[in-house]
Amino acid sequence: MKRFISLLLCITVIFSLPLVAHADIGPKPSINITFEGVKNGTEYHGTLLSERKSTGPSSAWDGISGHENYYDFDYEIWQAFQSYTDADGYYFLQEAWDCTGTNQLNWTYYPPSKFKILLWFPQSDTYYVSDIYERYAFDSYYTVDLSEFMTETSAAADNMLIAEQSYNFTWEIISLLARIAATILLEIAIAFIFGYREKKAIKIIAVVNIITQVVLNVALNIINYNMGSMAFVFFFVLLEVVVFALEAVIYGILLKKFTAKTADRFKTTAYAFTANAASFAIGLWLSHIIPGIF
C-alpha cells in the first residue's frame, strides 16, 4: 500500500508540472483594467509594457523576421505597439487587446509583475502611457479614467494615464465559490462512479472539499502576493500533492466507516487520485472558456 501511494504521488507531480499553469480548477494570476469615460464608438487598443523581456509564454520580439507574434490581432496593431519606444525601456511582449466597446484589458495568464499601461488610438495615431505600476494582488484590478483624453483640448499632461486600484472583492468571492462548487460537483460525480452514494459519504466528500479548496486558494493567494509567481508554481504543485494525500487518508478512514459497501484503502486512495486528476483535466478545459474564474 505504501508503495502504491508513493507511486500515485510521483504520478501526480509528473502530471501537474506541465499542467500547473493551465489546468487545475484553481486561481490564475491576472491584471484586469477597466477604462471609463470613453466616447461610444471610439476605437482603441491596449497592452501592458513589461520591465522584463518575457513572462510566461509572452516575450518581446527578437528582431528576427518571421518571429513576430500577432496571431490574435492584426499586424497593423502589432506594428503600432512594436514601434513605440518607452522612455524607461519597458518592453512590448506582443500581447494586445481590442478595448473598443468592452473598455477592458484583462491579462489573465502570467501578466508582468511590473508594467506600464499603453493605449493606442488608430484614428489619431495617438499613444497614451501610464507610469510604472506593480501587480499588488493575485488578481489585481485597476480603473483608468479616460474622460480628459476624449476632448480636443485635453488637459492631460504628457498623455500620462493614471490607474487607480479597484480590487473587486465581490468577484473574487464569486470566483472562489465557483471553483469550490465545480470541484465538489466533479468529485461527487466521480464518487458515484466508485460506488459512494450514501448521503453520509457525499456529505463527507463535500465538507472535505470545502475545507481543502478554501485552504488551498487562500494559501496560494498569500504565497503569490508575498513571494511571486515562481514560488506560486512550486507551492501549487506541492500543495496539490498534499491535498491528494490528505484526502486519501481522510477518505480511507471516513468513507470506510460510513459507506455500506466495502471501502478498502486501495479503493479510497484510487478515488482520491482519480478525483484530483480529473480536476486537472476539467480545469484545463474551463480555464480557456472562463479564464476569469478558472
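Student: To start, is lysine 116 buried or exposed?

Tutor: This is a predicted model, so everything here is computed from it. Lysine 116 has 4% relative accessibility and therefore counts as buried, the cut-off being under 20%.

Student: What does the side chain of lysine 116 meet in a salt bridge with aspartate 86, in terms of N to O distance?

Tutor: The N to O distance between lysine 116 and aspartate 86 is 2.9 Å. Aspartate 86 is buried, as lysine 116 is.

Student: And aspartate 88, what does its side chain do?

Tutor: Aspartate 88 also forms a salt bridge with lysine 116, at 2.4 Å, N to O. This pair links distant parts of the chain as well, 28 residues apart: aspartate 88 is in the loop between α2 and β5, and lysine 116 is in strand β8.

Student: Is aspartate 88 buried or partly exposed?

Tutor: Aspartate 88 is partly exposed, at a relative accessible area of 48%. Through shared partners, the salt bridges join Asp86, Asp88 and Lys116 into one network.

Student: How many salt bridges does the count come to?

Tutor: Two salt bridges. As background, side chains of opposite charge can pair when their charged atoms come close.

Student: Which residues point which way from β2?

Tutor: His45, Thr47 and Leu49 point one way, and Gly46, Leu48 and Ser50 point the other way; all are buried.

Student: Which sense does the pairing of β2 and β8 have, and over how many bridges?

Tutor: The pairing of β2 with β8 is antiparallel, over six bridges. Within it, threonine 47 has leucine 118 of β8 as its bridge partner.

Student: What about β2 with β6?

Tutor: β2 and β6 (residues 97-98) are antiparallel too, paired over two bridges. Glycine 46 has tryptophan 97 as its bridge partner there.

Student: And how many bridges join β2 to β5?

Tutor: Two, and the strands run antiparallel. Serine 50 stands opposite tyrosine 91 of β5.

Student: Where is glutamine 94 found?

Tutor: Glutamine 94 is in the loop between β5 and β6. With a relative accessible area of 4%, glutamine 94 is buried.

Student: A buried glutamine. Which side chain does glutamine 94 join in a polar contact?

Tutor: The side chain of glutamine 94 makes a polar contact of 3.0 Å with the side chain of tryptophan 78. A polar atom of the glutamine 94 side chain also lies 3.0 Å from the backbone oxygen of serine 59.

Student: Which residues is glutamine 94 in contact with, leaving aside its neighbours within four places in sequence?

Tutor: Ser59, Ala60, Trp61, His67, Glu68, Asn69, Phe73 and Trp78.

Student: New topic. What order does the open sheet of four strands have?

Tutor: The order is β7-β1-β11-β13, with mixed pairing. β7 (104-107) and β13 (163-165) are at the edges with a single partner strand each, so one side of each has no neighbour in the sheet. The twist averages 20° from one strand to the next.

Student: How many bridges join β1 to β11?

Tutor: Seven bridges join β1 (residues 30-36) to β11 (residues 139-145), and the two strands run parallel. One of the bridge pairs is threonine 34 with threonine 143 of β11.

Student: Last item, the packing. How many residues has the largest nonpolar core?

Tutor: The largest nonpolar core has 26 residues, and Ile33, Phe35, Ile117, Leu119 and Leu146 have the most contacts inside it. The elements giving two or more residues to this core are β1, β7, β8 and β11. β8 gives the most, with four residues.

Student: What does leucine 146 touch, not counting residues up to four places away in sequence?

Tutor: Leucine 146 touches Phe35, Glu36, Gly37, Val38, Tyr44, Leu119, Phe121 and Leu161. There is also a second, separate core of 22 residues, which includes Ala248, Tyr251, Tyr271 and Ala278.

How values were computed
Residues numbered from 1 in each chain as written. Predicted model: local features only at pLDDT ≥ 70, side-chain atom pairs only at ≥ 80, totals over all residues. Heavy atoms only, no water. Salt bridge = Lys/Arg side-chain N within 4 Å of Asp/Glu carboxyl O. Buried < 20%, exposed > 50% of the residue type's maximum accessible area, 1.4 Å probe, protein only. Pairing = 2+ DSSP bridges. Polar contact = N/O pair within 3.5 Å; in protein donor to acceptor, adjacent residues only side chain to side chain. Contact = heavy atoms within 4.5 Å. Axes fitted to C-alpha atoms, helices over the stretch in contact; angles between N-to-C directions. Core = buried A, V, L, I, M, F, W, Y, C linked by side-chain atoms within 4.5 Å.
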